[in-house]
Amino acid sequence: MCDASTNKQIRKIIHLDMDAFYASVEQRDNPQYRSKPLVVGGSPNQRGVVAAASYEARKFGIHSAMPSVVALAKCPGLIFVRPRFDVYREVSAQIHSIFRRYTDFVEGVALDEAYLDVTENKQNITYASTIARHIKAGILQETNLTATAGISINKFLAKMASGQNKPNGLTVILPQSAEAFVEGLAIEKFHGIGEVTAAKMHSLGIYTGADLKGRLLKELTHHFGKVGHHYYKIARAEDDRIVEPNRVRKSIGAETSFAVDLSDRAALLHELEQIVQIVQQRLEQHQTKGRTLTLKIKFSDYQQITRSKTILDYTREFDAIFTTATELFEAVELENRSIRLLGIALSNLENAKQTQVIQLPLFEYVVNEL
């Protein structure tokens, strides 16, 4: 469908996000865990990292990517469960089969998260909100798990909508409400704007979407580089990214921005160790291995460097990844400089396949309800 006044494509996008997915599966399958603070992840005695936290655990300030030892300090009675990625993948497949009853335009972001384009759908249902309700009901009936849905005209807005009313929520941002919604949003609530970037925006007097919208493109690219173009567009509720059902995953990685720039090597190596834990979990989640490791470093002056190394065999083993990442890090001359971001990524993945991205059709008209 198109907006006749602008001839721009208007889409109906659903963002589905399972509620505390890994933790909820464990609580579903183990009655003794229900209503108790629980995390899925590594042991605090074995340099573990939290992969997921139940809502009961989140009340203690526990979140994913937190070191397990820190999580235990926040909640001494915390239950630790090792991930069962084979089970999570099976449940994810069940959920995706429900999605495909309504559309083939499904872009999986993770096992527990996906975008759906339902502008045209298999059951000829008029409203995306109706489809989302049907999907949520199907998930609950068939998996005994809950999901939250966000619905809007593009991926950014659908993602923001799904974060408004968790768990088990459904939020719609209509076309005529999109810009006002973004303008009233606190900048730290924007998807893709982390703590460090939000702090920098605050230093520039940018606290809300309206403040961001008031800045020139030239100013945003000056302060934030290429991503400034993205900030400029989302401040206007614009996002041209299509739902890519056959998107090829080229790498798996993780990165951390530090609230305070770090220069101590021991502290940086500790952070690198935590990042490797997260990457190892994600490789396991996606059932893949990689051969090429890339280290990313952003200094306090925003200069960014990368260093890469390709190893002989595919791996997702912690020790192999951490050893390679450490070698790359140790070869970097810090020259008394401090670091604001560290990241690593594994590419040259074992099961990467080249597939064709399906282009979405254009549609004829716009309605004021999703």
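This is a predicted model: local features need pLDDT of at least 70, side-chain atom pairs count only at pLDDT 80 or more; totals for chains, interfaces and linings use all residues.
Colleague: What share of the residues is buried?

Modeller: Buried residues account for 46% of the 370. As for contacts between residues at least 6 apart in sequence, 66% join residues at least 24 apart.

Colleague: Let's go to the sheet with E8 in it. What is the strand order there?

Modeller: The order is E7-E8-E3-E9-E10, in an open sheet of five strands with mixed pairing. Strand E7 (106-110) and strand E10 (170-172) are the edges, each pairing on one side only. On average, neighbouring strands are turned by 15° against each other, direction ignored.

Colleague: How do E7 and E8 pair?

Modeller: They run antiparallel and are joined by four bridges. The two strands form a hairpin, with two residues between them. To find the pairing on screen, look for Val 106 opposite Leu 116 of E8 and Gly 108 opposite Ala 114 of E8.

Colleague: And which way does E3 run against E8, parallel or antiparallel?

Modeller: Antiparallel, over five bridges, between strand E3 (residues 13-18) and strand E8 (residues 113-117). Here Asp 17 faces Glu 113 of E8, and Leu 16 has Ala 114 of E8 as its bridge partner.

Colleague: Why is E8 described as largely enclosed?

Modeller: Five of its five residues are buried, so E8 is largely enclosed by the rest of the structure.

Colleague: Which of its residues point which way?

Modeller: Glu 113, Tyr 115 and Asp 117 point one way from E8, while Ala 114 and Leu 116 point the other way, and all are buried. In a regular strand, side chains alternate between the two faces of the sheet.

Colleague: Switching to helices now. At what angle do H4 and H5 cross?

Modeller: Roughly 145°, with the axes of helix H4 (residues 85-99) and helix H5 (residues 128-143) coming within 10 Å. The crossing is right-handed.

Colleague: Which residues make that contact?

Modeller: H4 brings Val 91, Gln 94, Ile 95, Ile 98 and Phe 99, and H5 brings Ile 135, Gly 138, Ile 139, Glu 142 and Thr 143. By class, the contact has six nonpolar, three polar and one charged residues.

Colleague: What about H8, which residues are buried there?

Modeller: In helix H8 (residues 195-203), Val 196, Ala 198, Lys 200 and Met 201 are buried. Their cover includes helix H9 (209-213), helix H10 (217-224), helix H11 (227-234), strand E11 (251-262) and strand E14 (339-349). Just after H8, Gly 205 has a positive phi of about 85°.

Colleague: Last one: is Gln 281 buried or exposed?

Modeller: Gln 281 is buried, with a relative accessible area of 10%. That residue lies in helix H12 (residues 265-285).

Colleague: Which residues does Gln 281 touch?

Modeller: Leaving out residues up to four places away in sequence, Gln 281 touches Gly 41, Gly 42, Val 49, Val 50, Ala 51 and Phe 85.

Terms used
Residues are numbered from 1 along each chain as its sequence is written. Side-chain values use heavy atoms; hydrogens and water are left out. Axes are lines fitted to C-alpha atoms, for helices over the stretch in contact, and angles run from 0 to 180 degrees between N-to-C directions. A crossing is left-handed if the near helix is turned anticlockwise from the far one by less than a right angle, and right-handed if clockwise. Contact means heavy atoms within 4.5 Å. Ala, Val, Leu, Ile, Met, Phe, Trp, Tyr, Cys and Pro count as nonpolar, Asp, Glu, Lys and Arg as charged, and the others, Gly among them, as polar. Buried means under 20% relative accessible area, exposed over 50%, partly exposed in between (1.4 Å probe, protein chains only). Two strands pair if DSSP finds at least two bridges between them.
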